[in-house]
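Student: I would like to learn how to read the sheets of a protein model, and then how to judge single residues within them. Could you take me through it step by step?

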Amino acid sequence: MEAASPCAHKEDGVTTAAQLFDQEYFNGGRRIGGYHGSGYADFACHWTTFRKIMDLRPASVLELGSARGYVLHRLEAARIPCRGLEVSHHCYLTRATDAVVEWDITQAPWPVADGEFDLAISTAVLEHIPEAALPVVMSELARTCKRGLHGVDITDDGHDETHCTIHPLPYWIERMPPGHIPIDKEDMERGPVPLPAATGLHLNIGSFTTMFHGWVNIDQHDLGAWAAASGYRYVRHDVTRGLWLDAATVDNVVSSHTLEHFPYDQGAALLAECHRVLKPGGTCRIIVPDAELLTSEAIL
């Protein structure tokens, strides 16, 4: 999809939203800003946002700017019909759920029927929409959703130059359709993180910052402070030295894009360790690149 630009960049000639909100924007940012550090992950605040949505008892949810769809994924698990509209092709390709639809919300009509959804939600999205395009967005919100809850940035930290509509809440209240409520984006994500209950012992080997709540996340990087801030259990450990756990004590093991970094002997030894610590009937899921696909003519 060739999308209209929500905010044209002044210096490098970027003219489309797909170019603005690309992989670099979501994985650490660049000259026009973006996510700091490791980029857009399944942050703990997604649980807080999810709980605030569920407190409204929605019959169905449309999310504007859903990115990879982490909140949508939680809604699906709660059996809430949902869909997300996301302009970033990168986020669409790396989506966590097929509920994400690639679409520029400044373009009408949206791929949504009249009154199809009960609740519209957005977090840190509307401030990226130029003021000239806001009437289209508000009109489509009124057409498609009965009510809404929208977290907007009301102050600008100066990092993200794709912010182009920064105003206090009265500005947004004046422009929202009836039943749609704007709140400070910080309030949308603020609050205790209601982490899911976990039973058993589960290992995420080579996690880096893709960590799971309720699991033991393992990597050799110094990520303890980062993990603690988001409520993750993290163990800094070099798995080439084996696993410290007793035999037949682990329920599940996951390792994504880690095994290919080891020489054959070390990789085989790690798999043997995973087998040793797994309980009878336990599961080990390994994700690695497909060498045949990477060397195929379709890729080259």
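This is a predicted model: local features need pLDDT of at least 70, side-chain atom pairs count only at pLDDT 80 or more; totals for chains, interfaces and linings use all residues.

Student: What is the general idea behind strand pairing, and in what order do the six strands of the open sheet lie?

Tutor: Strands of a sheet pair through backbone hydrogen bonds, and the pairing is either parallel or antiparallel. Here six strands make up an open sheet with parallel pairing, and their order is β3-β2-β1-β4-β5-β6. The edges are β3 (100-102) and β6 (180-184), each of which pairs on one side only, and from one strand to the next the twist averages 20°.

Student: Which helix packs on this sheet, and which strands does it touch?

Tutor: Helix α4 (residues 70-77) packs there, touching β1 (61-64), β2 (82-86), β3 and β4, and its direction makes about 170° with that of β2.

Student: What is the strand order in the open sheet of five strands?

Tutor: That sheet has the order β9-β8-β7-β10-β11, again with parallel pairing. Its edge strands are β9 (233-236) and β11, each pairing on one side only, while neighbouring strands are turned by 20° against each other on average, direction ignored. Helix α10 (residues 264-277) packs on this sheet, where it touches β7, β10 and β11, and its direction makes about 145° with that of β11. Within the sheet, strand β7 (residues 202-205) pairs with β10 in the parallel sense over four bridges, and Leu203 stands opposite Val253 in β10.

Student: Is Ser255 buried or exposed?

Tutor: The general idea is to compare the relative accessible area with a cut-off, since buried means under 20%. Ser255, which has its place in strand β10 (residues 250-256), has a relative accessible area of 4% and is therefore buried. Apart from neighbours within four places in sequence, Ser255 is in contact with Ile205, Arg285, Ile286 and Ile287.

Student: Why is Ile286 called partly exposed?

Tutor: Partly exposed covers values between the buried limit of 20% and the exposed limit of 50%, and Ile286 is described this way because its relative accessible area is 34%. Ile286 lies in strand β11 (residues 278-287), and together with Leu271 and Val288 forms a nonpolar surface patch with about 210 Å² of accessible area.

How values were computed:
Residues are numbered from 1 along each chain as its sequence is written. Side-chain values use heavy atoms; hydrogens and water are left out. Two strands pair if DSSP finds at least two bridges between them. Helices (H or I, at least four residues) and strands (E, at least two) are DSSP runs, numbered from the N terminus. Axes are lines fitted to C-alpha atoms, for helices over the stretch in contact, and angles run from 0 to 180 degrees between N-to-C directions. Contact means heavy atoms within 4.5 Å. Patches are made of residues with over 30% relative accessible area and no salt bridge: like charges are joined within 9 Å, nonpolar side chains (Val, Leu, Ile, Met, Phe, Trp, Tyr) within 5 Å. Accessible areas come from the Shrake-Rupley method with a 1.4 Å probe; for residues, only the protein chains shown count as cover. A salt bridge is a side-chain nitrogen of Lys or Arg within 4 Å of a carboxyl oxygen of Asp or Glu. Buried means under 20% relative accessible area, exposed over 50%, partly exposed in between (1.4 Å probe, protein chains only).
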